[in-house]
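Keep the sequence and the model side by side as you read. Each heading below takes up one topic.

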Amino acid sequence: MRASFLTSSVSQDSGLPDEDRWLPRGRCAGFLVIEHLRHHYGALPALEDVSLTVAPGEILCLLGASGCGKSTLLRMIAGVEQPDQGRILLDGREVCGASSFVPPEQRGVGLVFQDYALFPHLSVVENVMFGLRHLPKAHARALAIRALTRVSLARYADDYPHRLSGGEQQRVALARALAPRPSVILMDEPFSNLDQRLRETIREQTIALLRDEGISAVVVTHDPEEAMQIADSIALMQAGRIVQTGTPQQLYNHPASLFVARFFCDVNEIEAECRNGQIDCPLGCFNAPPALADGACMLSIRPQDITLDPDGVPVEFVSRQFLGHDDRLRLRLPHTGQFIHARLSHTGPLKAGQMLRIGVVPDHLVVFAS
Amino acid sequence: MSVDLPPSRPSDRPAQVARWGGLLPGPVVWRWRGGAVGWTVASAAIALIVMMPLLALLVLGLHGSGDLWPHLLAFVLPDAIGTTLMLLAGVGIMVTTIGTLTAWLVTAYDFFGRRWLEWALLLPLAMPTYIIAYSYLDLLHPIGPLQSGLRHLLGLSSPRDLMLPDIRSLGGCILLFGFVLYPYVYISTRTMFHMQLASLVEVAHTLGAGRLGVFFRVALPLARPAIAVGASLALMEAVNDVGASEFLGVRTITLSIYTTWINRSNLGGAAQIALLMLGVIIVLVGVERYARRHQRYAGNARQGRRLSRQPLPALAGLLAFGACAMPVLAGFVLPVAYLVVEAVARLRQFGLSPDIVSQTLHSVGVAAFATVIALVLGLVLTFTVRQNSNVLTRLLQRLAGFGYAVPGTVLALGLLAPLALLDAGLDTLSQTVLGHGSGVFVFASGGALVTAYVVRFLTMSVGGLETGFQRIPPSLDQAGRTLGANPLALLLRVHLPLISPAVLSAGLLVFVDCMKELPATLLLRPLNFETLATHVYGEAARGTYEDGSIAALAIVLFGLVPVMLIAEFGKTSQTMTHSPPQTDRTETGS
């Protein structure tokens, strides 16, 4: 599944007839470049030297905890907020720089909000027509209806937004943002107001639509799983900075820092010692990666990379949580007293204080020099 | 959504769409980093105009004749200041007691007539202070209906046998002001009580607090900021008054400004007293702002089940009914009944005089003109903040609202010099351009009056529009902008349709307050230009109150419009708390 996402940075051909597309076939979508963006709210730094590139047709996720600056960055790309420093280029044109600023209405970006931001005084189709003012009315309406058809909401065209469910409102917002055919679409937590079940479906359909049209997208989310599911690349942000950019696999498998590792998974952090290419830690000895210098280091081990191993190190069983297809075990290292979490299945009945032997999948270890 | 989509019908080709954005280079705009420069400059100009009277007062006061001060200090001011402070203290106690008590009764309890009283308690808001004063002067006159009736009941024949305290006193003034100004406290406090959590009251009960305990230990402390806001508004009205205190023989500072100016023709002295008085007002405004700081916090923090009303047993219910009905009776029903009787008598006798018609037209015309200007200026101020909310724009908006705190007399005094300058300038200009002077065009055309109204009531327009704007989530602006609307288009296509109810209600409030305004109207109107308010004042000055009854009744009827508006708003804000948040945003929709 991930593999197909990775190859899809250019528009995939889904066999739709040309009439059903908003973008002519083969046309590349927007190319977004952000260079050294900086912004402060009073004395509070909101963005610190942020640089990013979104290739045509690429879906980029801005990932981070709330308040890390990801929504600020999105608003700056849209042009509804101005950065203190830095440049933003859309398809090679500087829309924001030291001396230039293109107001949002002339940028050609689409915005989809967490609260959808549908105009309550306009009907669904009027909402979609809002960005098509430069066209004759009948033409604009026809286009809007087509956009609504595309999200299967044409039958609600003349209803008012408040009569629609959350998922339907989200789709109207998407149709409205896409109707003027922006070069890039920006989405701010677009799925977070939907309930769990609906979210999955709407997310899949939305992303399929974006890929189908080959539109570049920047999606803000705080949910790492969501980011991994939808993104071609992820930019993880922390306190106004981008800490790592890369494909979901790169971030998951090769986190640049302990922060990145922690963000994607509840990891066990084990202090270790590297000597002569060997890492020595309470969970055993492993080959060190070639670049690692001798000295103290930190191992990050995911709970699911811990296995029951008759030849492994002994640990004391403390407690467990039943999670469905496996259990989350709380274990204690006898020497150091440090707690370790493991995701294991088929452990059978266990008693508190009972000793188990565990091993670690060595390929999945991530080491950070201290 | 390729999965579940029915195939769409091929119609016009998308390639025909004029493409904007990435492919066509759009015009690059050079901008000030903060954005909205033009709007900010316009806001600054408006704020400057509003502050002009104050600056003029300062200049006048500095150049004022000092020879009056020994006299003022010795004979006028100590008395006037003492009287004003006692009036304020008395009115403060009255409005707080009546307003808080009635608000708590109608929100916490259910009793006979409660629904009816809940909005009837707003009615005295329609009654200007000068009209209630004139009405009671007649009602309580020794040969007036109340005293005669009382004597008849007691079997007394001569007015000398029944010596009631005279209404023409400080005490009478406090009483009358209290009965018409308490709704300010009632409105703000009732809203606060409505928002209180049921759980707080229930917890207090389980912790052993009785009905009184809940009121004094929970409800009252929580409502304190709202009480302060309402009371300071009521006190500003009390300070503003000229008509009532003059006829009730209460010599307040406001009145001494008026007399120093008019009777002694001493502008400088009047300006100095006015500045002194502004000191008092600034304290009141400070209190109001300080209190409102808490109110915002308290208002935001509450979510959850609202207080449900407890039914009262028969006797307690009767007491509650009496307590709530009394201020309505005293502050509205009695004076209105008197006005109706007198008006009907005069209509029977003389019919509708053409004077009344022309006075109404004058009032309505000037008020409508001022309302439109106040709305447009208010829209500029609030939309500037909406686009670019920073220290400067917010300060400008606040400065522009300062006029409300300035009593009409002081305002008129402050406007005199700048408008005279403007007239002189216009005269010179028209002499050079047209060959003949324009004279005192601004004063003669009523322009001075309109300016005074706009300056004084601009804050109501700003406040109403601001509330309207706050109900629109900022994401709508961003969506509109990215969909190709420039700021002006955004205002016209998104904001105005959504805030039109707010525009309408703000406009009504401004309009009716202009109609009721007396002190500035008296001082700034063109010669021989009578409005309803000045007519009522004129009749009262001649001692023929009852001849002004038709005009007074008309003013009260106009005043009822915003009262109904507030009552209606109270109802919707109540129902809104029960509806899901989505419909709350869309209720202005279709």
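## Ground rules

Two strands pair if DSSP finds at least two bridges between them. Strands (E, at least two residues) and helices (H or I, at least four residues) are DSSP runs, numbered from the N terminus.

This is a predicted model: local features need pLDDT of at least 70, side-chain atom pairs count only at pLDDT 80 or more, and totals for chains, interfaces and linings use all residues. Residues are numbered from 1 along each chain as its sequence is written, while chains are lettered from A and ligands numbered from 1 in the order in which they are written.

## Chain A at a glance

Chain A has 19 strands and 9 helices. Its C-alpha atoms fill a box of roughly 75 × 50 × 40 Å, taken along the principal axes.

How many residues of chain A are buried? Of its 370 residues, 46% are. A residue is buried if 20 or more other C-beta atoms lie within 10 Å of its own, exposed if 12 or fewer, and partly exposed in between; the C-beta atoms are placed from the backbone. Now take contacts. Two residues are in contact if their C-beta atoms, placed from the backbone, lie within 7 Å. Among the contacts in chain A with a separation of 6 or more, 65% join residues 24 or more positions apart.

## A sheet of four strands

In chain A, 4 strands form an open sheet in the order β2-β1-β4-β5, with antiparallel pairing. β2 (44-54) and β5 (93-96) of chain A are the edge strands, and each pairs on one side only. Neighbouring strands of this sheet are turned by 30° against each other on average, direction ignored. Such angles are taken between axes, which are lines fitted to C-alpha atoms, for helices over the stretch in contact; they run from 0 to 180 degrees between N-to-C directions.

Look at strand β1 (residues 32-41) of chain A. It is joined to β2(A) by 7 bridges, and the two run antiparallel. A:H40 has A:P45 as its bridge partner in β2(A).

## A sheet of five strands

Another open sheet has 5 strands, in the order β13-β12-β11-β14-β19 (chain A), again with antiparallel pairing. Its edge strands are β13 (284-287) and β19 (366-369) of chain A, each pairing on one side only. Here neighbouring strands are turned by 35° against each other on average, direction ignored.

Strands β11 (residues 268-275) and β12 (residues 278-281) of chain A run antiparallel and are joined by 3 bridges. A:E273 is bridged to A:D280 in β12(A).

## Positive phi angles

Most residues other than glycine have a negative phi. A:D49 has a positive one, near 50°. A:D49 is found in strand β2 of chain A. It is partly exposed, because 14 other C-beta atoms lie within 10 Å.

A:E189 also has a positive phi, near 45°. It lies in the loop between β7 (184-188) and α6 (196-213) of chain A. Is A:E189 buried or exposed? It has 20 C-beta neighbours inside 10 Å, so it counts as buried.

## Helices of chain B

The axes of helix α13 (residues 354-387) and helix α19 (residues 487-516) of chain B come within 8 Å and cross at roughly 140°. That makes α13(B) oblique to α19(B). Angles under 35 degrees count as roughly parallel, over 145 as roughly antiparallel, 65 to 115 as roughly perpendicular and the rest as oblique. Residues that meet across this pair include B:A367 and B:G378 in α13(B), and B:V503 and B:F511 in α19(B).

B:P53 sits in helix α1 (residues 37-63) of chain B. It counts as buried, because it has 27 C-beta neighbours inside 10 Å. Leaving out residues up to four places away in sequence, B:P53 touches B:L411, B:G414, B:L415, B:P418 and B:V455. B:G155 follows α5(B) and has a positive phi, near 75°.

## The nonpolar core

A nonpolar core is a set of buried Ala, Val, Leu, Ile, Met, Phe, Trp, Tyr and Cys residues joined through C-beta atoms within 7 Å. The largest one has 275 residues. Those with the most contacts inside it are A:A144, B:V91, B:V536 and B:I555.

What is B:V91 in contact with, leaving aside its neighbours within four places in sequence? The list is B:I174, B:F177, B:G178, B:L181, B:A234, B:L235 and B:A238.
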